[in-house]
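Please have the sequence and the model open side by side.

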Amino acid sequence: MTVAARYQTLRQVKKLWASSVALGAWLFASSAVASESELPKGHFLLPDEGNMVGEVYTVTAKKEDTLLDIAREHNVGYEEIRMANPDTSIWIPGEGTEVTIPGQYILPDEPRTGIVINVAELRLYYYPEVEEGKAPRVETYPIGIGRDAYNTPLGITKTTMRLENPAWYPPESIRQEAAERGDPAPAVVPPGEDNPLGQYAILLDIPGYLIHGTNQPDGIGMRASRGCIRMHPEDIESVFWRVPVGTQVNIIDSPVKVGWESNGNAYVQAFTPTDEQSFGMETLLEVVSLIEAHEGNEHGIDYEQVRNVLEKANGQVVPLS
């Protein structure tokens, strides 16, 4: 990566200069947005009260659509679209099929600064800095993360460098596995369609870990990488030049989230834990206690309903009656 970084430095300077006009135009247009309905998919004004953004809605599949096509168009990943439509074929949903888009999000219970990545949710949240007097916002994107034995590391880190058209240097473990299969891997994969890093990569202050694009977008929303955070090519491109070097990146593992609307109504959302262990009584009691302790919550808590949400762990945002 060090060699690639040196190779890219001059190109990055030129790119920054060349993109300054376009970036300025984007920022101007962004600051002039009159309402949330005019924001791009996955971009939301932060609520004055509560911690929820977006909404669940449905679209109608066309003949040529796959469920993954629809998911990508509407800013959701593989697991999200699959769990929201469990009875719909991934590859042939069928013309006229109503497809549910799980576009409602409970914001992570973390400081709203920089980038927050919830590996249990397979989703990234970016809180861009805004000018004084402008409404604060959040952008959220589906991601791919590390598979079994290659868990994405947790903790607070920061971005250190941006690489456009990065070369990929397969680690020794990958090269050894490839050699054992009789298909030796090259020492370096140059930029291009065969490069698994895609066109853009953001290095983290954790050696060997990046937020990057991919040449296999169907894997977004899955645990499929060797620990890096993958994004759809258009998503990494949209944030690449807007995320300053030195931005805080908070990587968390929160399989259960509790949400509130401005009217005080409570919601629960649960995902399959990364260790794939079932939620126990301790988790149930913690969730119920958090809801009961919320200021202004006047609703009785149905323990059985909360338990059912934890058992299903299907990522759906469930209102608590």
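**A buried strand and its surroundings**

From strand β11, the side chains of Tyr200, Ile202 and Leu204 point one way and those of Ala201 and Leu203 the other way, and all of these residues are buried. Buried here means under 20% relative accessible area, exposed means over 50%, and partly exposed lies in between, with a 1.4 Å probe and protein chains only. Strand β11 spans residues 200-204, and since five of its five residues are buried, it is largely enclosed by the rest of the structure. Helices (H or I, at least four residues) and strands (E, at least two) are DSSP runs, numbered from the N terminus.

The model is predicted: local features need pLDDT of at least 70, side-chain atom pairs count only at pLDDT 80 or more, and totals for chains, interfaces and linings use all residues. Residues are numbered from 1 along each chain as its sequence is written, and side-chain values use heavy atoms, with hydrogens and water left out.

Which strands pair with β11? Strand β10 (residues 155-164) runs antiparallel to β11 and is joined to it by five bridges; two strands pair if DSSP finds at least two bridges between them. Within this pairing, glutamate 164 has tyrosine 200 of β11 as its bridge partner. Strand β12 (residues 210-212) is also antiparallel to β11, with three bridges between them. Leucine 210 in β12 stands opposite leucine 203. The hairpin of β11 and β12 has five residues between the strands, and glycine 208 takes a positive phi near 90° there.

Histidine 212 belongs to β12. With a relative accessibility of 4%, histidine 212 counts as buried.

**Salt bridges**

How many salt bridges does a search of the whole structure find? The search finds seven, where a salt bridge is a side-chain nitrogen of Lys or Arg within 4 Å of a carboxyl oxygen of Asp or Glu. One of them pairs lysine 62 with aspartate 65, with 3.7 Å between the closest N and O atoms. Lysine 62 is partly exposed at 42% relative accessible area, whereas aspartate 65 is buried at 10%.

Another pairs arginine 72 with glutamate 234, with closest N and O atoms 2.8 Å apart. Arginine 72 lies in helix α2 and glutamate 234 in helix α5 (residues 233-240), so this pair ties together parts that are 162 residues apart in sequence. Arginine 72 is partly exposed at 32% relative accessibility, and glutamate 234 is partly exposed at 34%.

Glutamate 139 forms a salt bridge with arginine 242, again with 2.8 Å between the closest N and O atoms. This pair links distant parts of the chain, 103 residues apart: glutamate 139 is in strand β8 (residues 137-142), and arginine 242 is in the loop between α5 and β15 (248-252). Glutamate 139 is buried at 3% relative accessible area, and arginine 242 is buried at 13%.

**A charged patch**

Helix α2 (residues 67-73) also contains aspartate 69, which is partly exposed at 41% relative accessible area. Glu64, Asp69, Glu73, Glu95 and Asp218 form a negative surface patch. Patches are made of residues with over 30% relative accessible area and no salt bridge, like charges being joined within 9 Å and nonpolar side chains (Val, Leu, Ile, Met, Phe, Trp, Tyr) within 5 Å.

Technical notes:
Accessible areas come from the Shrake-Rupley method with a 1.4 Å probe; for residues, only the protein chains shown count as cover. Lys and Arg count as positive and Asp and Glu as negative; His and the chain ends are not counted. The place of a charge is taken as NZ of Lys, CZ of Arg, CG of Asp or CD of Glu.
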